[in-house]
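Let's take a walk through a protein together, one stop at a time. Have a look at the sequence and the structure below, and turn the model around before you read on.

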Amino acid sequence: MSRLVRHTEVVEEPWHPETVAIVAGRDDVPGGPFNVPPTFASTYRDGGALGYGRWGNPTWSAFEETLGQLEGGNCVSFASGLAAVSALLAALPLGSRVAYPGDGYNGTRAMLAQLTREGRLTSQALNVVNTDEVLAQLEHTDLLWLESPTNPMLGIADLAVLLAAARDRGVTAVVDNTFATPMLQQPLALGASAVVHSATKYIGGHSDLLMGAVIVADGRARDELVTWRTLHGAIPGVMESYLALRGLRTLPVRFERQQRSAALLAERLSSHVQVTVVHYPGLAADPGFSRATSQMNGYGAMVSFEVRDAETAERVVTRLRLVIGGTSLGGVETTIDRRGRWEGEEHVPGGLLRLSVGLEHPDDLWRDLTQALN
Ligand SMILES: *Cc1c(COP(=O)(O)O)cnc(C)c1O
């Protein structure tokens with residue numbers, strides 16, 4: 001990495017995120033390729049900075065540098081989002097008390113449940129949208145885990161207030177920024193200790209890879225995460241890193257278009273007779289609207305909506321022709337998932353459908369949704 005001179009290092013005034021996504025993480029060697037190529041190597045010749053493939057890779061570094069600049073910190077990439085979550089939880093001393101969103105990502109909740117069963121830590125589910133409830137729990141908390149918007153209810157937590165309070169009380173605070181992406185919010189700037197991503201989703205953006213990342217403000221915390229990754233082997237693949245950076249370059253433009261279509265569909269869905277509720281923080285009637293407006297640069301591209309019951313929701317999914325039924329999110333293709341069908345999602349209303357809005361023409365998406373709903 002030290003041999004690389006980055007374009008952005010010589011710039012005093014910071015570039016806009018759209019520009020950072022393009023210029024960061026490139027070599028500046030005359031005659032060299034524009035892009036840092038995938039370096040397929042398990043081992044390197046003696047005498048250089050890299051030794052063995054588990055310790056480092058130039059393709060990981062290019063990705064990390066770009067995402068790190070977008071989030072405003074030091075990035076460490078991992079084999080998946082859950083490997084990144086795991087790295088953060090593994091750093092906790094035995095017996096630590098974790099508070100987490102009761103309607104957060106089910107994989108993170110399952111990991112916390114497992115660690116709690118093993119007696120390694122204690123955990124407390126919270127409604128992170130309720131600021132007073134979180135503040136009251138802080139004195140019994142060592143690690144505050146936050147998601148905003150939450151998955152799949154798209155609730156908005158007051159990040160500025162919660163992160164400032166956590167910092168005042170010496171509570172470590174992590175924000176899972178997968179749904180918002182650095183385009184909408186940068187939690188490190190609000191005082192978060194760490195930001196975590198499933199790069200599998202919007203960052204990769206094409207439903208063709210799994211990868212994760214942690215971004216921290218502090219260089220020592222970064223080194224500790226790298227040590228954990230090296231010792232536990234939770235390293236990303238080289239091809240995945242290459243593709244994730246290729247995805248990241250177009251994140252700003254993809255996300256802008258996807259959230260514009262999401263806002264349009266949320267609006268149309270909320271006046272459809274078969275739809276009982278729409279959860280989208282960009283709707284003026286949504287409980288998260290004013291918070292989202294003040295703390296985010298947009299409202300995201302996830303829309304959850306409810307129909308009468310689980311059976312109706314299942315029927316809608318099977319009748320869709322353009323929108324793909326499937327879990328996961330953040331790809332260029334629009335996907336839909338009845339979240340209540342999954343283990344650990346029993347609290348989600350049975351008729352709730354979570355839509356990840358892609359890059360198809362929004363009128364075609366609406367045509368498909370209405371034919372399935374009617
Ligand atoms: C998917 C997801 C994860 C886990 O990431 P993987 O890449 O699937 O391991 C974590 N947090 C959120 C919010 C997610 O959507």
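How many nonpolar, polar and charged residues does the shell around the ligand have? Counted by class, there are 4 nonpolar, 5 polar and 2 charged residues. Keep in mind as we go that this is a predicted model.

The residues surrounding the ligand are Ser80, Gly81, Leu82, Tyr105, Asp176, Thr178, Phe179, Ser198, Thr200, Lys201 and Met211. Three of these residues deserve a second look. Asp176 uses its side chain: one of its polar atoms lies 2.7 Å from a nitrogen atom of the ligand. Gly81 uses its backbone instead, with an N or O atom 2.9 Å from a ligand oxygen. Leu82 also has a backbone N or O atom facing a ligand oxygen, at 2.8 Å. On its own, the ligand has 380 Å² of accessible area, and the protein covers 92% of that.

Gly81 leads us to our next stop, helix H3, which spans residues 81–90. Is this helix enclosed or open? Of its 10 residues, 7 are buried, so H3 is largely enclosed by the rest of the structure. The buried ones are Gly81, Ala83, Ala84, Val85, Ala87, Leu88 and Leu89. An α-helix has 3.6 residues a turn, so residues three or four places apart point the same way.

Next, compare two glycines. Gly72 sits in the loop between helix H2 (58–71) and strand S1 (74–78). This glycine is exposed, because its relative accessible area is 54%. In sequence, Gly72 is 145 residues away from Ala217, yet their C-alpha atoms are 7.3 Å apart in space. Gly247, on the other hand, belongs to helix H9 (residues 238–249). Gly247 has a relative accessible area of 2%, so it is buried. Setting aside neighbours within four places in sequence, Gly247 is in contact with Ile203, Gly204, His206 and Arg254.

Now follow the chain into the loop between strand S4 (143–147) and helix H6 (159–168), where Pro149 is placed. What kind of peptide bond joins Ser148 and Pro149? The bond is cis, with omega at about -5 degrees. Pro152 lies in the loop between S4 and H6 too, and a cis peptide bond joins Asn151 to Pro152, this time with omega at about 5 degrees. Leu154 is another residue of the S4–H6 loop. Although Leu154 is not a glycine, its phi is positive, at about 60 degrees. Leu154 counts as buried because its relative accessible area is 3%.

A positive phi turns up at Ser207 as well, at about 55 degrees, and Ser207 is not a glycine either. You will find Ser207 in the loop between strand S6 (194–198) and strand S7 (212–216). Is Ser207 buried or exposed? With 51% relative accessibility, Ser207 counts as exposed.

Let's turn to the aromatic rings. A pair of aromatic rings is described by the distance of the centres and the angle of the planes. Searching the whole structure gives 4 aromatic pairs. In one of them, the ring centres of Phe289 and Tyr299 are 5.9 Å apart and the planes meet at 20 degrees, so this pair is stacked. Phe289 is in helix H11 (residues 289–295), while Tyr299 is 10 residues away, in the loop between H11 and strand S9 (302–306). Phe289 counts as partly exposed, at 26% relative accessibility. Tyr299 is partly exposed too, at 23%.

Our last stop is Val317, in helix H12 (residues 310–319). Not counting residues up to four places away in sequence, Val317 touches Gly325, Ile336 and Leu353.

Notes. Residues numbered from 1 in each chain as written. Predicted model: local features only at pLDDT ≥ 70, side-chain atom pairs only at ≥ 80, totals over all residues. Heavy atoms only, no water. Near = heavy atom within 4 Å. Polar contact = N/O pair within 3.5 Å; in protein donor to acceptor, adjacent residues only side chain to side chain. Areas by Shrake-Rupley, 256 points an atom, 1.4 Å probe, with all protein chains shown as cover. Nonpolar A, V, L, I, M, F, W, Y, C, P; charged D, E, K, R; others polar. Phe/Tyr/Trp six-rings, centres within 6.5 Å; stacked < 30°, edge-to-face > 60°. Helix = DSSP H or I, 4+ residues; strand = E, 2+ residues; numbered from the N terminus. Buried < 20%, exposed > 50% of the residue type's maximum accessible area, 1.4 Å probe, protein only. Contact = heavy atoms within 4.5 Å.
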